[in-house]
Amino acid sequence: MSDTILVELVYVLPKQYCHFHLELKNHSTVKEVIEKSGILKLHKDIDLRINKIGIYGTLVNLEDIVSKGDRIEIYRLLSLSPMELRRQKAKRLKIKN
């Protein structure tokens, strides 16, 4: 049995896509994956106390253990809530009509 696993880390911005392939020790945590990737140095806007983290769309904790082939996702903060976006869209459509 191998002592290492391969995982992915992704962070998507409106005009940029960051994708890392990492080899880590078996039983590594989500936080260790993020730290090893170096993404926190590249993107100062990521705050692990605020940004949500997921694996294949399911929210996880920083201390959760990753498995072989996992895709860790760092979710960016929304500039507006989905409800506010819908209000603005409805307002624009009303003005056009």
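In S5, isoleucine 74 is the bridge partner of isoleucine 53. Three bridges join S3 to S5, and these two strands run antiparallel. This is a predicted model: local features need pLDDT of at least 70, side-chain atom pairs count only at pLDDT 80 or more, and totals for chains, interfaces and linings use all residues. Residues are numbered from 1 along each chain as its sequence is written, and side-chain values use heavy atoms, with hydrogens and water left out.

**The sheet**

- Five strands form an open sheet with mixed pairing, in the order S2-S1-S5-S3-S4.
- The edge strands, S2 and strand S4 (58-59), each pair on one side only.
- Strands (E, at least two residues) and helices (H or I, at least four) are DSSP runs, numbered from the N terminus.
- Two strands pair if DSSP finds at least two bridges between them.
- Strands of a sheet pair through backbone hydrogen bonds, either parallel or antiparallel.
- S1 and S2 run antiparallel and are joined by 10 bridges.
- Valine 10 has histidine 19, in S2, as its bridge partner.
- S1 and S5 run parallel, with four bridges between them.
- Tyrosine 11 has isoleucine 74, in S5, as its bridge partner.

**The helix across the sheet**

- H1 lies across S1, S2, S3 and S5.
- H1 runs at about 115° to S2; axes are lines fitted to C-alpha atoms, for helices over the stretch in contact, and angles run from 0 to 180 degrees between N-to-C directions.

**The nonpolar core**

- The largest nonpolar core has 21 residues, of which Leu9, Ile39 and Ile72 touch the most other members.
- Strand S1 (4-13), strand S2 (16-25), helix H1 (30-37), strand S3 (53-55) and strand S5 (71-74) are the elements that give two or more residues to this core.
- S1 gives the most, with five residues.
- Such a core is a set of buried Ala, Val, Leu, Ile, Met, Phe, Trp, Tyr and Cys residues joined through side-chain atoms within 4.5 Å.
- Not counting residues up to four places away in sequence, the contacts (heavy atoms within 4.5 Å) of leucine 9 include Cys18, Phe20, Val33, Ile72 and Ile74.

**Serine 37**

- Serine 37 sits in helix H1.
- Serine 37 counts as buried because its relative accessibility is 12%; buried means under 20% relative accessible area, exposed over 50%, and partly exposed in between (1.4 Å probe, protein chains only).
- A polar atom of the serine 37 side chain lies 2.7 Å from the backbone oxygen of isoleucine 34.
- Serine 37 also touches Leu9, Phe20 and Leu22, not counting residues up to four places away in sequence.

Terms used. A polar contact is a pair of N or O atoms within 3.5 Å; within protein, one must be able to donate a hydrogen and the other to accept it, and residues adjacent in sequence count only if both atoms are side-chain atoms.
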